[in-house]
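Subject: Structure for you to look at

Hello,

Here is the structure I said I would pass on. Please open it beside this message; my notes follow below.

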Amino acid sequence: MHSYSLIAPAKINLYLEIIGDRPDGYHELVMILQSIDLADRIELYPNGTQKIRVHCHHPQVPLDQSNLAYRAAQLMREEFPDTFANLGGVEITIDKRIPVAAGLAGGSADAAAVLVGINQMWQLGLTQPELQTLAAKLGSDVPFCISGGTAIATGRGEQLDPIDDLENLWVVLAKYRSLSVSTAWAYQTYKQQFSNSYISDAKNVQSRTVQVHSGPLVSAIIHKDGALIGKLLHNDLEKVVLPEFPQVAKLREAFERAGGLGTLLSGSGPTIFALCESQGQAEEIKGQVRGAIADPDLEFWLARLASTGIQVASSAKH
Ligand code: C5P
């Protein structure tokens, strides 16, 4: 058997619209998701025992079943019990570079890498769509994290339509180290405040989805019009996250003043990003925001938009 080293990129939302709620308790969404080259590294080693173990030095990353990467291995064990019994368990080592609980799908990316890696390790031969069907059982963002790039995501976020890649743009991201936002809280609060605007019948949900597919942001992405993409960035969750966390609202304002193509909260936050036409512009904006908010708790990252999801970086005979 082989061990594997995988690259698991973070995602940002260029667009997030909450259309309505669903009988399964989730929300009906239309999103445009984008991979960035800020990525975790995942090592998978066959351990020849009947155990799954997670290793990670980051203090906020749990090592037990509450870790989505652990649950991904557990899911493969449940789906392929004979293979697990024959080949044994796996050691999962996470080199955490994506900020935790940040709205960047870091946990989902790690889980996606475990699915892709175990598929190879156990030589299961699952196709990408088959892996994505399994991934949807773990979380709404996990299917996207497998394929990555630029995609329209509908349903809970698990139904994906890839669109042209946007590789030449950059982002500068910032997050208060000590601040995290619960995704479940953000959606629940949104529902309490805005459910009167929800579309309830399936036909209208479908037609709103089609409108976004043929709408101006998708067209701007296809034409690689960075300036227009920046103007059309949108995230409905800003309506609940920004009032609740005034320091995030101030951070967003500082980003807007600094320029760039556009600024947005990513997912349920609290990461704010500015879309930039170059690495130089991203550096410049980082400098300006750092100058405007001199708080040592505020961390920054620069990343390029990426066209790939999970990548196997290397494998070695074990
Ligand atoms: O799917 P995932 O576990 O990542 O979602 C986290 C939480 O976000 C869910 O428990 C749910 O409260 C909320 N959510 C939602 N509708 C979606 C996706 C997530 O309400 N489409």
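I begin with P143, which sits in helix α5, a helix that covers residues 142–147. Please keep in mind that the model is predicted. P143 has a relative accessibility of 1%, so it counts as buried, the cut-off for that being under 20%.

Next is E91, a residue of strand β4, which spans residues 90–95. Is E91 buried or exposed? With a relative accessible area of 12%, E91 is buried. Its side chain makes two polar contacts that you can look up in the viewer. One is with the side chain of H55, at 2.5 Å, and another is with the side chain of R53, at 2.7 Å.

The largest has 74 residues, and the members that touch the most others in it are I92 and L173. Helix α3, residues 106–121, supplies the largest share of this core, with nine residues. Another core lies apart from it and has 39 residues, including L29, Y176, L237 and L265. As for L173, its contacts beyond four places in sequence include I12, I36, L38 and L104. Also in contact with L173 are F255, F273, F300 and W301, as well as the charged residue E299.

How much space lies in it? The figure is about 1200 Å³. The pocket is lined by 46 residues, and S108, D141, T183, A184 and S268 are the closest to its centre. Two or more lining residues come from each of β1 (2–21), β2 (27–46), α1 (68–79), α3 and α6 (183–194). Of these, α6 gives the largest share of the lining, five residues. By type, the lining consists of 21 nonpolar, 18 polar and seven charged residues.

If you want a place to start, select E91 and find its contacts with R53 and H55.

Regards

Definitions and conventions: Residues are numbered from 1 along each chain as its sequence is written. This is a predicted model: local features need pLDDT of at least 70, side-chain atom pairs count only at pLDDT 80 or more; totals for chains, interfaces and linings use all residues. Side-chain values use heavy atoms; hydrogens and water are left out. Helices (H or I, at least four residues) and strands (E, at least two) are DSSP runs, numbered from the N terminus. Buried means under 20% relative accessible area, exposed over 50%, partly exposed in between (1.4 Å probe, protein chains only). A polar contact is a pair of N or O atoms within 3.5 Å; within protein, one must be able to donate a hydrogen and the other to accept it, and residues adjacent in sequence count only if both atoms are side-chain atoms. A nonpolar core is a set of buried Ala, Val, Leu, Ile, Met, Phe, Trp, Tyr and Cys residues joined through side-chain atoms within 4.5 Å. Contact means heavy atoms within 4.5 Å. On a 1 Å grid over the protein atoms alone, a cavity is a set of points where a 1.4 Å probe fits but cannot get out, and a pocket is an open set with protein on both sides within 12 Å along at least five of seven lines; lining residues have an atom within 4 Å of a point. Grid points are joined across faces, edges and corners, and a volume is the space filled by probe spheres set on the points.
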